[in-house]
Amino acid sequence: MRIAIIGSGHVGLVTGACLAEKGHEVLCTDSNEEKIKTLQSGKLPIYEPGLEELVRKNVAAKRLSFSTSTEEAVAFAVPLFICVGTPTLASGAPELYYVEKVAKDVAQLLTEYKLIVDKSTVPVMTGARVRETIERYSKGEVPFDVASCPEFLREGSAIQDTLHPDRIIIGADTDRARALLQEIFEPFGACAIVTDISSAELIKHASNSFLAMKISFINAVSRICDVTGADVEEVARGMGLDPRIGEAFLRAGIGYGGYCFPKDVLAFGHISEQLGINFPLLPATHEINREQLDFFVEKIKQEIWVLRGKTLGMWGLSFKPNTDDVRESPALRLAEKLISEGANVRAYDPAAGEIVKKTHPDIQVVGDKYEALDGADALVIATDWSEFAEADLAEVKKRLILPTIFDGRNLLDPEKVRKAGLTCHGVGRGRPK
Ligand code: UGA
């Protein structure tokens, strides 16, 4: 089937490439000319493992093309997927300007039936607003449907998540819309939940907020472990074996980041408040996450005392491994905090280094993980890239001034670190023996 994607960011581009891979004919559009030029020249504007090959393959097979024109998108296909950004406003509400703009543009271009599918993460009731907007701005009586089809891909494993989804959510309220979406997603072979639009919208916000809440929960538990000498890794393992709880997203650390969790927890809290619903778990989730970094900085100070004049080698800048994304990155916020207290930060990241060099000239970004330790008093691990887990600890010890590691992701085996003659301060692992 022919499908148009409006908004070719992480979600739009991955969705477009994967739909093409499954045999659909896809046109990905974006108002950003630079981005489209990059894509047309065979390059990628984002870093996502496997995406470049997938895009190249499907462009060559003539199943995937790019354009800056919404008009072309509307002329190209019946299903139009909205995949634009919904960044956070100062109030915590998401910015819905871009979603409304697409709805208005589509309305003005409507000459025959279209299915407008929202894939951007939006608050419940947005589908109803999109419908209202199209009705208001369209010229005549052209039929159309609105649907919600939220996305659950994770950066870094986006291709795998999209090609092999654990569920597909189809929120639609007409048979025609439901049938079209079922046909589109049929080749993915996943369990599809066909529901109403509001439920689909809520599934997305509730899922991301629940996962963020799990992380904040274990991070709060980690603070109790720190005080009592218990080990949060053991606690999480013991909890996770209960299938009702599950082990995923119970890794304690310096907190969650990225473009989604921080934004979605705030947005879900905001819409709940607007609807008059008291949902204190959401602000608490956000607050615990915010405080988690302060606890970690305090831990560093407890050990090495004054930060001013000290140099900390930092491994990791991206918000999680296998991405160059530093949006709302706890690692970057940690570096900023340490610098604001007078420390120097020498950082290495396998993917995000060049980006941070441009945005944060006060962070000394180097090109190798061991180089980050030269002249450093101690090492801070801020992102759980696997190359850090495999590091040569003898080399680490040789380069550091103090034999001390602050492991903000509980990445290293404390026993191995101890055997290498280093002291490891993790998160929620008590004081090192
Ligand atoms: C998240 C969701 O996992 C996806 O399902 C969703 O589609 C996506 O948001 C979205 O809404 O677009 P993503 O932001 O790519 O995906 O990253 P995650 O892998 O979920 O990690 C988020 C943050 O939580 C990272 O900073 C990670 O380090 C942290 N985290 C994760 C923990 O601190 N502990 C954990 O146990 C798990």
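**Cavity, sheets and cores of the predicted model**

A search of the whole structure, which is a predicted model, finds 1 cavity of 30 Å³ or more. The volume of the largest cavity is about 50 Å³. Its lining consists of Asp118, Lys119, Ser120, Thr121, Val122, Ser148, Cys149, Pro150, Ala200, Glu201 and Lys204. Helix α9 (residues 197–228) supplies the largest share of this lining, 3 residues.

Among the open spaces, the second largest pocket holds about 460 Å³. This pocket is lined by 20 residues, of which Leu96, Pro123, Met125, Thr126 and Arg129 are the closest to its centre. Two or more lining residues come from each of α5 (97–109), α6 (126–137) and α11 (261–274). The largest share, 7 residues, belongs to α6.

Strands β1 (residues 2–6) and β2 (residues 25–29) run parallel and are joined by 5 bridges; Ile5 has Cys28 as its bridge partner in β2.

The largest nonpolar core comprises 38 residues, and Phe81, Leu181 and Phe185 have the most contacts inside it. With 6 residues, helix α1 (residues 10–21) gives the most to this core. When residues up to four places away in sequence are not counted, Phe81 touches Ile3, Ala4, Ile5, Ile6, Val117, Lys119, Leu181, Ile184 and Phe185. Another core, of 37 residues, lies apart from the largest one and has Ile300, Val326, Ala331 and Phe406 among its members. In soluble globular proteins, nonpolar side chains tend to be buried together.

A further open sheet is formed by 6 strands in the order β11-β10-β9-β12-β13-β14, with parallel pairing. Its edge strands, β11 (364–365) and β14 (423–425), each pair on one side only. Between β13 (residues 404–407) and β14, the parallel pairing extends over 3 bridges, and the bridge partner of Phe406 in β14 is His425. Helix α12 (residues 281–304) lies across β9 (311–315), β12 (378–381), β13 and β14, at about 165° to β13. Helix α13 (residues 330–340) lies across β9, β10 (344–348) and β12, at about 175° to β9.

Leu334 is placed in helix α13. Its relative accessibility is 0%, and Leu334 therefore counts as buried, the cut-off being under 20%. Leaving aside neighbours within four places in sequence, Leu334 is in contact with Ile254, Leu293, Phe296, Val297, Met314, Val380 and Ala382. The C-alpha atoms of Leu334 and Val345 are 9.9 Å apart, with the two residues 11 apart in sequence.

Key
Residues numbered from 1 in each chain as written. Predicted model: local features only at pLDDT ≥ 70, side-chain atom pairs only at ≥ 80, totals over all residues. Heavy atoms only, no water. Core = buried A, V, L, I, M, F, W, Y, C linked by side-chain atoms within 4.5 Å. Buried < 20%, exposed > 50% of the residue type's maximum accessible area, 1.4 Å probe, protein only. Helix = DSSP H or I, 4+ residues; strand = E, 2+ residues; numbered from the N terminus. Contact = heavy atoms within 4.5 Å. Pairing = 2+ DSSP bridges. Axes fitted to C-alpha atoms, helices over the stretch in contact; angles between N-to-C directions. 1 Å grid on protein atoms, 1.4 Å probe; cavity = no way out; pocket = protein on both sides within 12 Å on 5 of 7 lines; lining within 4 Å. Points joined across faces, edges and corners; volume = space filled by probe spheres on them.
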